[in-house]
Each structure stands twice: as structure tokens, then as C-alpha cells.
Amino acid sequence: MKVLFFGGLKEVVGGAEEFVELKPGSRIEDLFAQFISRCPELARFRSSLVASRNQEFAAWSTPLDSGDEVAFLPPVSGG
Amino acid sequence: MSIHPSDSILLVHESIDASALVGSVRTGGDGAIVTFDGCVRNQSHGRRTLYLDYEAYESMALVKMREIAAEVHTKFQIDRVALAHRLGRLEIGETSVFIAVSAPHRAAAFEACRYAIDTLKRSVPIWKKEYFEDGAVWADGELPPVPQDTHTRKSAS
């Protein structure tokens, strides 16, 4: 599945776009944990970001399908 | 939420054409057009800003901007709304966001325009990086409201 990172998160992960194999039954929080295991520095951003699934804000408990597009979004600062 | 075909919802990489947007909301039935022009300030928390760089999750930003437009139609007695945000590098004084709202009467246009910019700043996935003489930082932002644990509740009911 496609996973996107924006703003400062992109710099922490070292890329804006990642493709990952989803473990069956994964929720958004599991996907994020997968990235933390690759990039431990991400853990400290957990409480100051939100996730989206298919262009809608989504709770951490949201179940995922392999065709979903998930993004991790830092606090927004448009305008 | 319903889409109003006469509304303009745009993400642009060049200058925002404010007069075209104002023209796009103007009809014979309107008695007021209220606009908001958000522009790049020359300082942030006392540090001199050189320029800003905006990025967006473009597909989602457009979804959220369309939702804001639909929402202002349901909340306020307005006619049309135009909502544009610029991305990329912006110099001091340039317009980063422009909103125009037309309505038969001014109160609704003022309220809808205020609501649209406040909601955009809180819920549209756009970020700005501020460049100073001695470095750059991602601007402090707002964490958008997220539906909490709806899936847990669904499975419990």
C-alpha cells in the first residue's frame, strides 16, 4: 500500500512516499508502528500528528486494506 | 455534501488571480462580496522572514476545500464561494490564500468568509516552511479534528 509523509515528518522518514506490504488485519496504528521500527525517531511525533485513509482523517484504530492510501500529517499550517 | 458547480476551488502554483475569483462569485442577485486575502508577512515571532514555501497533500486538500465550500452553503445564506490556495515558494507580500464569498446580504458573506478561512487553517492539509536568515522551520500549526475510535464503536454496536 501507498503511505505518504508530509511536512517535517517527510524529513524524519527520509522520503515523502513509501510502498509497504500490509500485514493482514493491520490498523493505522500498526502501520505507524512498522515505520517506527524502521525509524525510531518517529515515535516522538505520534502524539502530534494525525492520519488519513483515502483522503479522509481517520482514527488510529481504523482497519486498513491493501489498496488504501494512508498519510501521516503533522499539524497543518496553511493560510 | 453537495457540490455547487459555480464555486471555484483551486490549488495553484503561480500567482492567485484575485480579480478573476471575485468575478467568478459575482451575480446579479448579490448585494455583497466579501474577500479574504491572506499574504506573506515579513516576520514571525520577531524573526525576519525571507520567504515561505508551501506544500500540500493536494488530492486531500482539494477534498477538504470542497467540503468547506459545501459547508458554508449549508450554514450561511450565501450565493457563491471561491477558495484558492497557492503552493511553492512565496515572497513577502504575496497572496497565499484568497477567498471570495457572494451573498444577497453582507452579514452572511462576512460570516461565511470568516468561517471558511478559520476552517481552512484548521483542517486542510497544507504546510508552510518559514525561511529565515539563519535557517528554516516548519510553521507551528493546528492538529485537525479526527473522528475518534469510530471503528471500535461500530464493532461494539
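Visitor: In what order do the five strands of the open sheet in chain A stand?
Guide: This is a predicted model, in which local features need pLDDT of at least 70, side-chain atom pairs count only at pLDDT 80 or more, and totals for chains, interfaces and linings use all residues. Residues are numbered from 1 along each chain as its sequence is written, and chains are lettered from A and ligands numbered from 1 in the order in which they are written. With strands taken as DSSP E runs of at least two residues, and helices as H or I runs of at least four, both numbered from the N terminus, the sheet has mixed pairing and the order β2-β1-β5-β3-β4.

Visitor: Which strands of chain A stand at the edges of this sheet?
Guide: Two strands pair if DSSP finds at least two bridges between them. Each edge strand has a single partner strand, so one of its sides is left without a neighbour in the sheet; these are β2 (17-19) and β4 of chain A.

Visitor: Which elements of chain A each supply at least two residues of the side that touches chain B?
Guide: Counting residues as in contact if their C-beta atoms, placed from the backbone, lie within 7 Å, 22 residues of chain A are in contact with 31 residues of chain B. The elements of chain A that each supply at least two residues of that side are α1 (7-13), β3 (50-53), β4 (56-58) and β5 (69-73).

How values were computed. Contact = placed C-beta atoms within 7 Å.
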